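Biologist: I've got a new model on the screen and would like to talk it through with you. Could you take my questions one at a time?

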Amino acid sequence: MPGWPSESSYLRQNGHMWAICREVFILVRRAEQQNYSLESIDRMALVLNALERAPEQTLDQVARAAGLNESTALRYLLSLSKHELVERNETSGRFRLGLSLFRLGTRSIEYRDIVTLSLPVMERLLAQFGESVNLATRQQSQVVLLKVLESATPVRKGAKAGETDAWHATSLGKALLAAIPGEEVSDLVGTGPFAPFTPNTLLRHEDLRRDLVSTQARGYAIDDEESVEGLRCVGAAIRDHDGIPRYALSVSGPKSRMTYQRTEEIGVAVMKGAADVSKALGA
């Protein structure tokens, strides 16, 4: 393959991605040096595409979708799992896409439509309130941050793109939960008791349900020191062109500045901002 970079050159330029990409790189080099086909890489792509069809799948489901026998599919799944491109649920034995796939894309995430469309709204909220603004997506069974505009003030949440948020304890998570069908809520969060992060964290399923009803009535969710002590956050769901609540927008700050009165003002602005992005997406 003329022009393909040497291994040392590749390592110098992309050292932070080397551990994840090592196996793919080796396969490509073998194809170049020994005139092998790229069948192995094609099979990896087939396995990853098969996993995209459902949150979690059994080995035989992956094998059928990828058009491979089970032993071959398992070999690729285990190889991909070494680099966290695939994860295995130790309880059910099912496979799912790994978060490293998202982390590999964070370097170019600003070119994705949702971030591009949301950025003007996020910048407007940051300028208006001076507090951190966050954009997240529902990634399989997790809430994953896509973009964070941090406040210039000294007290802030300090979240970063690629990190995950708790469904039951954050405004991003609760905004999404309040917008999806009720039966999906239990599938995502379980029946409780939930993980306690602060004394304010909602631990019981029935308490979370009541909070989601209030969220639906207001149009935005509130994290009242439920994920981090001293921090308040308000968030609203963003719907895609099919009307599915796939993303969420939030503003977070210390309770000393995010008073209850100000929280209401910011909540209304976040709800409007989320509606503007939803409209831009074609919802």
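What follows is a conversation about this predicted model, going from the whole protein down to single residues.

Biologist: Among contacts between residues at least 6 apart in sequence, what share joins residues at least 24 apart?

Modeller: For context, the accessible surface is about 14500 Å², and carbon and sulfur atoms hold 51% of that. As for the contacts between residues at least 6 apart, the share that joins residues at least 24 apart is 54%.

Biologist: Now helix α10. What should its 14 residues span, and how far apart are its end C-alpha atoms?

Modeller: Helix α10 covers residues 205-218, and at 1.5 Å a residue it should span 20 Å. The end C-alpha atoms agree with that, as they are 20 Å apart.

Biologist: Where do the buried residues of α10 fall, seen down its axis?

Modeller: The buried set in α10 is H205, D207, L208, D211, L212 and T215. Seen down the axis, they fall within an arc of 155°, so they line one face of the helix.

Biologist: And which exposed residues does the face of α10 turned away from its buried side carry?

Modeller: Start with the buried side: its residues pack against α8 (171-179), α9 (182-189) and β6 (221-224). The face turned away from it carries two exposed residues, V213 and A217.

Biologist: What follows α10, and what is its phi?

Modeller: The helix runs through residues 205-218. Next comes G219, with a positive phi near 100°.

Biologist: On to α3. Which of its residues are buried, and what arc do they fall within?

Modeller: Helix α3 has 13 residues and reaches 19 Å from first C-alpha to last, close to the 18 Å expected at 1.5 Å a residue. Its buried residues are M44, V47, L48, A50 and L51. Looking down the axis, these line one face of α3, since they fall within an arc of 160°.

Biologist: What about α4: which elements are included in what covers its buried residues?

Modeller: In α4 (residues 59-66), the buried residues are V62, A63 and A66. They cover an arc of only 100° around the axis, which puts them on the same side of α4. Just after the helix, G67 takes a positive phi of about 75°. The cover over those buried residues includes α3 (39-51) and α5.

Biologist: Which residues is T263 in contact with, leaving aside its neighbours within four places in sequence?

Modeller: T263 is placed in helix α11 (residues 260-281). At 4% relative accessibility, T263 counts as buried. Leaving those neighbours aside, its contacts are Y220, I222, R232, V234 and M258.

Biologist: Last one: how far apart in space are S256 and L231, C-alpha to C-alpha?

Modeller: S256 is in the loop between β8 (245-254) and α11. With 63% relative accessibility, S256 counts as exposed. S256 and L231 are 25 residues apart in sequence, and in space their C-alpha atoms are 8.7 Å apart.

Definitions and conventions:
Residues numbered from 1 in each chain as written. Predicted model: local features only at pLDDT ≥ 70, side-chain atom pairs only at ≥ 80, totals over all residues. Heavy atoms only, no water. Helix = DSSP H or I, 4+ residues; strand = E, 2+ residues; numbered from the N terminus. Expected span 1.5 Å × (residues − 1). Buried < 20%, exposed > 50% of the residue type's maximum accessible area, 1.4 Å probe, protein only. Arc of directions from axis to C-beta. Contact = heavy atoms within 4.5 Å. Areas by Shrake-Rupley, 256 points an atom, 1.4 Å probe, with all protein chains shown as cover.
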